[in-house]
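User: I would like to learn how to read the packing of helices and strands in a model such as this one. Could you take me through it feature by feature?

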Amino acid sequence: MRRPSTFLVLVLAGLLTACGGGEDTAPRSAAQGGIRLGFSQVGAESAWRLANTASIEHAATNASVQLDLRVADGKQDNQIAAIREFIAAKVDVIAFSPVVESGWDKVLQEAKDAGIPVIVTDRTVDTTDTSLFATVLGSDFTAEGRKAGEWLVEHFRDHKGPVQIVEIEGTTGSAPANQRRTGFADAIKADTDLKVIDSRDGNFTRAGGEQVMSGFLQEHSDIDVLFAHNDDAGLGAVKAIEAVGKRPGEDIKIITVDASRDGLSALAEGRLNYVIECNPLLGPQLMELVGKVKTGQSIPRRVVVDETTFDREAAKAVLPNRQY
Ligand code: GYE
């Protein structure tokens with residue numbers, strides 16, 4: 001068998017780096033090497049979350065950051081216990097994605113007393129003392145909800161009579177559930193025909209979305225629109241809608257948030273109608289912030305990720321190269 005030429009090997013290696021490392025090609029900063037980072041993750045509830053965890057692991061390896069990753073199974077108590085273990089282990093920096101907004105003051109005060117800086121990422125916290133964390137890295141969830149509402153207003157502009165909307169919310173008490181609900185409600189409030197007739201927690205999972213939507217379909221015969229707070233819940237709802245012989249995307253218009261590969265595929269097929277992007281690939285930016293807080297450099301209090309929206313054509317265009 002002929003051996004591949006050196007040139008071919010180099011080209012292939014280059015391609016692999018280019019494809020696999022799209023998000024993690026930032027130069028490694030010397031400041032990051034050897035830092036011990038304790039990271040408490042929410043759980044494994046959605047495609048978004050799995051991509052977020054993978055991005056953080058990958059970026060930590062690239063930056064030579066020693067990552068102690070704990071996954072909390074959606075329970076705040078587990079996160080608090082993990083943060084206490086990080087404090088006891090005297091890690092250099094703690095980062096976490098808080099499952100819900102409130103209830104963090106005490107444990108964050110403990111981290112502050114121990115002199116360990118904390119970075120909040122993805123979801124925001126509601127603390128009485130904002131000096132308890134160094135920065136928040138993540139999306140603008142209110143803007144995401146607003147974009148969903150704005151599309152709806154535009155889509156039903158010429159519609160006569162009431163439009164019945166149901167909402168499958170994210171985990172009760174979580175920042176994305178609270179803020180997406182608010183942004184959405186704000187954007188549709190001027191149009192009095194657009195009415196949210198029911199709203200329930202689907203916990204950001206497919207199973208939760210399917211169950212909540214089945215309930216909605218039993219109780220309401222006239223649903224026009226579903227706003228699901230993430231793709232997974234929306235895709236679970238698609239199953240429930242198909243199970244009663246209705247056509248998702250046609251009989252019931254569906255808007256979701258995240259823009260995962262599965263969400264965009266369903267959009268390209270016409271089962272979803274509009275998807276708001278929420279980017280989980282936060283690892284490289286997180287490692288950069290970790291390096292900076294560790295070395296005492298100044299960082300912004302809030303780092304917001306740039307995001308877009310997708311209709312069917314836009315979904316088809318990006319799907320071949322979608323990373324998550
Ligand atoms: O939209 C959802 C995940 O906090 C932004 O959590 C994140 C949300 C995301 O489970 O899919």
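**Helix packing, sheet and backbone**

Analyst: The axes of α3 and helix α4 (residues 105–113) come within 10 Å of each other and cross at roughly 10°, which makes α3 roughly parallel to α4. Angles under 35 degrees count as roughly parallel, over 145 as roughly antiparallel, 65 to 115 as roughly perpendicular and the rest as oblique. This is a predicted model, in which local features need pLDDT of at least 70 and side-chain atom pairs count only at pLDDT 80 or more, while totals for chains, interfaces and linings use all residues. Residues are numbered from 1 along each chain as its sequence is written, and side-chain values use heavy atoms, with hydrogens and water left out.

User: How are the axes and elements defined, and which residues of α3 and α4 make the contact?

Analyst: In general, two packed helices are described by the angle between their axes and the distance between the axes. Axes are lines fitted to C-alpha atoms, for helices over the stretch in contact, with angles from 0 to 180 degrees between N-to-C directions; helices (H or I, at least four residues) and strands (E, at least two) are DSSP runs numbered from the N terminus. Here Ile80, Ile83, Arg84 and Ile87 of α3 meet Lys106, Val107, Glu110 and Ala111 of α4, where contact means heavy atoms within 4.5 Å. These residues divide into five nonpolar, no polar and three charged, with Ala, Val, Leu, Ile, Met, Phe, Trp, Tyr, Cys and Pro counted as nonpolar, Asp, Glu, Lys and Arg as charged, and the others, Gly among them, as polar.

User: What is the strand order of the open sheet?

Analyst: Strands of a sheet pair through backbone hydrogen bonds, either parallel or antiparallel. In this model six strands form an open sheet with parallel pairing, in the order β2-β1-β3-β4-β5-β11, and two strands pair if DSSP finds at least two bridges between them. The edges are held by β2 (66–71) and β11 (302–304), each with a single partner strand, so one side of each is left without a neighbour in the sheet. Neighbouring strands are turned by 20° against each other on average, direction ignored.

User: Which strands does helix α10 lie across?

Analyst: Helix α10 (residues 283–294) lies across β1, β3, β4 (118–121), β5 and β11, and runs at about 160° to β4.

User: Which residues of α2 are buried, and what covers them?

Analyst: Buried means under 20% relative accessible area, exposed over 50%, and partly exposed in between, with a 1.4 Å probe and protein chains only. In α2 the buried residues are Trp48, Arg49, Ala51, Asn52, Thr53, Ser55, Ile56, Ala59 and Ala60, and their cover includes β1, β2, β9 (253–258) and α10. Strand β1 is itself mostly covered, with five of its six residues buried.

User: Is Ser64 buried or partly exposed, and where does Asp122 lie?

Analyst: Ser64, in the loop between α2 and β2, has a positive phi of about 55° although it is not a glycine, and it is partly exposed, with a relative accessible area of 33%. Asp122, in the loop between β4 and β5, also is not a glycine and has a positive phi of about 70°, but Asp122 is buried, with a relative accessible area of 3%.
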